[in-house]
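My entries follow the structure.

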Amino acid sequence: MARYCYLNGAQYNGLDPPQPQTKTVGMNNWRNAGREDGAEFLPDFCSGAAVFSMLVITELVAVLITLAAVDASPVLWERFLLLSIYLQWIGISSAAGLCMVRRYVRGLSERAVAGLCYLLLLLITLLLSEIAWRLAVYQDFFLVLQTSHAEFLTRNLGVCSLIAALALRYFWVQHQRQRQLLALGDARFVALQARIRPHFLFNTLNSIAELTNSQPRDAESAVEDLSVLLRASLAEHDQPVTLAKELATTRAYARIEGLRLGDRLRVDWDIPEELQANTIPPLSLQPLVENAVRHGIEPLPEGGTVQVRAIPLDDSFYVISVTNPIDESADRPGSGEALENIRLRLRWLYGENGAEIQILPSEKMFEARLILPRRPVSS
């Protein structure tokens, strides 16, 4: 009987079990990450989401400072209101300053950018604290004037120095973690590029040699298919390709395997023309068909049919499925490297929720699905 486990919430039959999942981030690629400037470790404070996060953090600071006060009189709530307004003022100004820094300090090292950001946050806090003090004097806010001018400025700068240091440290640690994960993912893709197995290559060359005398045209076609597959394996991976291009690579692989398996391998292609201009990570469909051939068709004496289909899911997504029969008595576990690489590159190109791979086994069939956004390469 086949063994079962789960990948992305879907039951999986253990023919090619996945490796432990590793979280990756965003649409970056490691080849560009090695040349990025020091400002890249900062979040994009020009975006609404980052500004909202800054406002939430400043409000939490206001709550903590208010709760830390010994005085529990009704004046406490008035102090909380004034403190919230003051800190939100600093938060918005700091986000605007960091937005400008990220734009104009490209090319500097991470330490230089972090130092400039730290000094900028202190300067913004100092200026706004001075303005707040003078407004308090003008309006006679006794809650602010309970301390001296110097104490007011020193206290605010002290709080800002601690929070700014912790925030910048957090941004830097997250950035380093992201770079490490991207490096790991890139190394895995390089391994996938080199995964044309020697025995597959030798079998293909032997088949071509046998066809050279008896069927020269078939031998020529096999050489062309092998060159397509090798070219795709050695190509760069920093950009998605069209589904049509990935289909060409996958069909070339299927024809090569057909030389070895003969009538035992049948492939049913059902790919609508209107979907073939959409994007797909390179070497995403071909490994699924390869798994179907190795773990589904080869163990069956009579062979079987691999079904490759694509259908629109809605206006935003489409689904590519690869289905093959399985021999439950066969136990041929794999490393899961191909599936893990596909899952990683889906995260790279489309984000956390932009695409998905699902493994759906049944009693006698095995299905792998790619759920991808309907996004042309030009967009």
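I looked up the pairing of β4 and found that β4 runs parallel to strand β6 (residues 304-312) over six bridges. Strands are DSSP E runs of at least two residues and helices are H or I runs of at least four, numbered from the N terminus; two strands pair if DSSP finds at least two bridges between them. Gly-304 of β6 is the bridge partner of Leu-265.

The model is predicted, with local features requiring pLDDT of at least 70 and side-chain atom pairs pLDDT 80 or more, whereas totals for chains, interfaces and linings use all residues. Residues are numbered from 1 along each chain as its sequence is written, and side-chain values use heavy atoms, without hydrogens and water.

I then traced the sheet: five strands form an open, mixed sheet in the order β4-β6-β7-β9-β8. Its edge strands, β4 (265-270) and β8 (356-361), each pair on one side only.

I next examined helix α9 (residues 243-261) and helix α10 (residues 285-297), which pack at about 25 degrees with axes 8 Å apart. Axes are lines fitted to C-alpha atoms, for helices over the stretch in contact, and angles run from 0 to 180 degrees between N-to-C directions. The two helices, α9 and α10, are therefore roughly parallel (under 35 degrees). I noted contact residues (heavy atoms within 4.5 Å), including Glu-246 and Tyr-253 of α9 and Val-289 and Ile-297 of α10.

Finally, I recorded that α10 packs on the sheet, touching β4, β6, β7, β8 and β9 (365-373), and that its direction makes about 20 degrees with that of β7.

Conventions: Parallel < 35°, antiparallel > 145°, perpendicular 65-115°, else oblique.
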